[in-house]
Amino acid sequence: MEFRGERLPGLLVDQLGNRIESVQQWQQRRGEIIELFRKHVYGRASVDRPLQMDILCSSEEVMMEGRAIRKMKVIRMKGPGGEIDIPVCIFVPVKCSSPAPAFLLINNRNDSLADPDRNSKSGFWPAEQLVERGYAAVVFHVRYLDPDEHDGFQNGVHGIFDNLQQGEERADDAWGTIGAWAFGASRVLDALEQEPAIDANRVAVVGHSRAGKTALWAAAQDERFAMAVSNNSGCTGAAISRQNLGERIKDINTAFPHWFAANYKQFNDNEKDLPLDQHMLLGLIAPRLLYVASASQDSWADPEGEYSSLCLAEEAYQLYGHEVQAAMQMPSIGVSICTEKTAYHIREGKHDLTLLDWQLFMDFADSKL
């Protein structure tokens with residue numbers, strides 16, 4: 001398998017060189033790939049669902065002129081290093097007679113872009129439009145899991161759960177910030193499973209940019225997510241790492257040394273030795289729904305690499321008998337190309353998450369989710 005002349009690790013070839021030809025074989029291969037990503041890229045979390053975790057409801061209020069009920073919840077987790085609270089905002093459509101599907105946004109931007117009071121409204125999180133289309137709109141902010149700063153992993157969930165002894169150093173495959181945020185998305189899904197108004201079997205996890213990387217890693221590990229949406233996620237998100245355009249592994253590890261496992265820095269200017277690539281991350285979503293979105297002026301995120309990665313990942317979907325993208329040729333700007341389980345569009349404009357993106361996500365989900 002090649003991409004731009006570079007030889008890629010095979011998605012459907014196991015570590016012994018055997019070709020994967022069945023869903024049963026894929027399940028074993030899937031475990032191998034997750035382990036590779038944990039070891040070399042995102043790191044491994046020091047905890048799954050914490051033993052001491054409570055879902056607290058702080059308020060309920062009718063909003064959006066009676067069209068939605070806003071539920072404010074707090075996920076409280078305790079570990080060896082103390083206690084942490086993760087606020088979650090949920091808008092449930094009133095018109096739904098049965099539990100509603102939901103879009104869960106991992107917010108890595110300003111609070112005003114996902115204002116729970118709706119005094120400020122933005123295409124970044126169009127809660128009103130989601131509710132009108134029959135979806136619950138759910139959001140949490142990443143800073144409550146781990147502030148996006150390199151502090152030596154003392155704050156956030158690392159400080160709560162890593163439980164390092166005096167003088168003990170972090171392992172080279174310990175989780176970074178992206179891993180912490182993905183952990184948070186799964187804990188929000190835990191909370192949604194306790195919400196009768198939401199169908200937790202139909203939850204799409206959505207992220208833009210660094211949160212797009214997070215959404216993919218969250219859905220790759222947690223098969224309860226029915227759909228993953230990557231918007232402009234680029235390097236170590238949807239885009240192929242063995243690339244000649246856009247952000248490189250060295251760039252991202254230099255600018256954001258806390259995002260990934262320490263092991264990932266071994267591949268700075270050394271992508272060819274990486275025993276995996278991002279099409280394998282996308283393949284881990286199979287056979288669930290997957291939407292990858294790019295922007296025409298976002299060359300740093302490498303739209304061609306994002307689309308090619310999706311096409312290459314669809315080998316996993318073929319194992320389940322699902323149709324795949326017809327060609328590797330980039331689609332026209334503004335056109336959403338959909339198959340039975342996957343979709344892609346490249347929007348005109350810059351690095352952003354817009355109302356148009358959301359409309360296309362919802363169009364796809366309307367008939368699939």
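In this predicted model, helix α4 meets helix α5 through Ile178, Gly179, Trp181, Ala182 and Ala185 on the α4 side. The α5 side brings Arg210, Lys213, Thr214, Trp217, Ala218 and Gln221. Sorted by class, that contact has six nonpolar, three polar and two charged residues.

**How α4 and α5 cross**
- The axes of α4 and α5 are 8 Å apart, and the two helices pack at an angle of about 60°.
- That angle makes α4 oblique to α5.
- Look at the handedness too: α4 and α5 make a right-handed crossing.

**α5 and its contact with α1**
- Helix α1 covers residues 23-40 and helix α5 covers residues 210-221; their axes come within 11 Å and cross at roughly 140°.
- α1 and α5 are therefore oblique to each other.
- This crossing, of α1 and α5, is left-handed.
- On α1, the contact is made by Arg30, Ile34, Phe37 and Arg38, while α5 puts in Trp217, Ala219, Ala220 and Gln221.
- By class, you'll find five nonpolar, one polar and two charged residues where α1 touches α5.
- Trp217 and Gln221 of α5 turn up in the contact with α4, and Trp217 and Gln221 are also listed in the contact with α1.

**A spot in α4: Ala191**
- Ala191 sits in helix α4, which runs over residues 177-192.
- Is Ala191 buried or exposed? With a relative accessible area of 5%, Ala191 counts as buried.
- Setting aside neighbours within four places in sequence, Ala191 is in contact with Ile55 and Ile75.
- Ala191 and Ile75 are 116 residues apart in sequence, yet their C-alpha atoms are 7.5 Å apart in space.

**Helix α9 and Thr339**
- Helix α9 (residues 355-368) has 14 residues and reaches 20 Å from first C-alpha to last, close to the 20 Å expected at 1.5 Å a residue.
- The buried residues of α9 include Asp357, Trp358, Leu360, Phe361, Met362, Phe364 and Ala365.
- Where is Thr339? Look in the loop between β11 (337-338) and β12 (342-347).
- Thr339 is buried, and its relative accessible area is 5%.
- Leaving out residues up to four places away in sequence, Thr339 touches Glu314, Glu323, Val324, Gln325, Phe364 and Lys368.
- Phe364, one of the residues Thr339 touches, is itself buried in α9.

Conventions: Residues are numbered from 1 along each chain as its sequence is written. This is a predicted model: local features need pLDDT of at least 70, side-chain atom pairs count only at pLDDT 80 or more; totals for chains, interfaces and linings use all residues. Side-chain values use heavy atoms; hydrogens and water are left out. Axes are lines fitted to C-alpha atoms, for helices over the stretch in contact, and angles run from 0 to 180 degrees between N-to-C directions. Helices (H or I, at least four residues) and strands (E, at least two) are DSSP runs, numbered from the N terminus. Angles under 35 degrees count as roughly parallel, over 145 as roughly antiparallel, 65 to 115 as roughly perpendicular and the rest as oblique. A crossing is left-handed if the near helix is turned anticlockwise from the far one by less than a right angle, and right-handed if clockwise. Contact means heavy atoms within 4.5 Å. Ala, Val, Leu, Ile, Met, Phe, Trp, Tyr, Cys and Pro count as nonpolar, Asp, Glu, Lys and Arg as charged, and the others, Gly among them, as polar. The expected span of a helix is 1.5 Å times one less than its number of residues. Buried means under 20% relative accessible area, exposed over 50%, partly exposed in between (1.4 Å probe, protein chains only).
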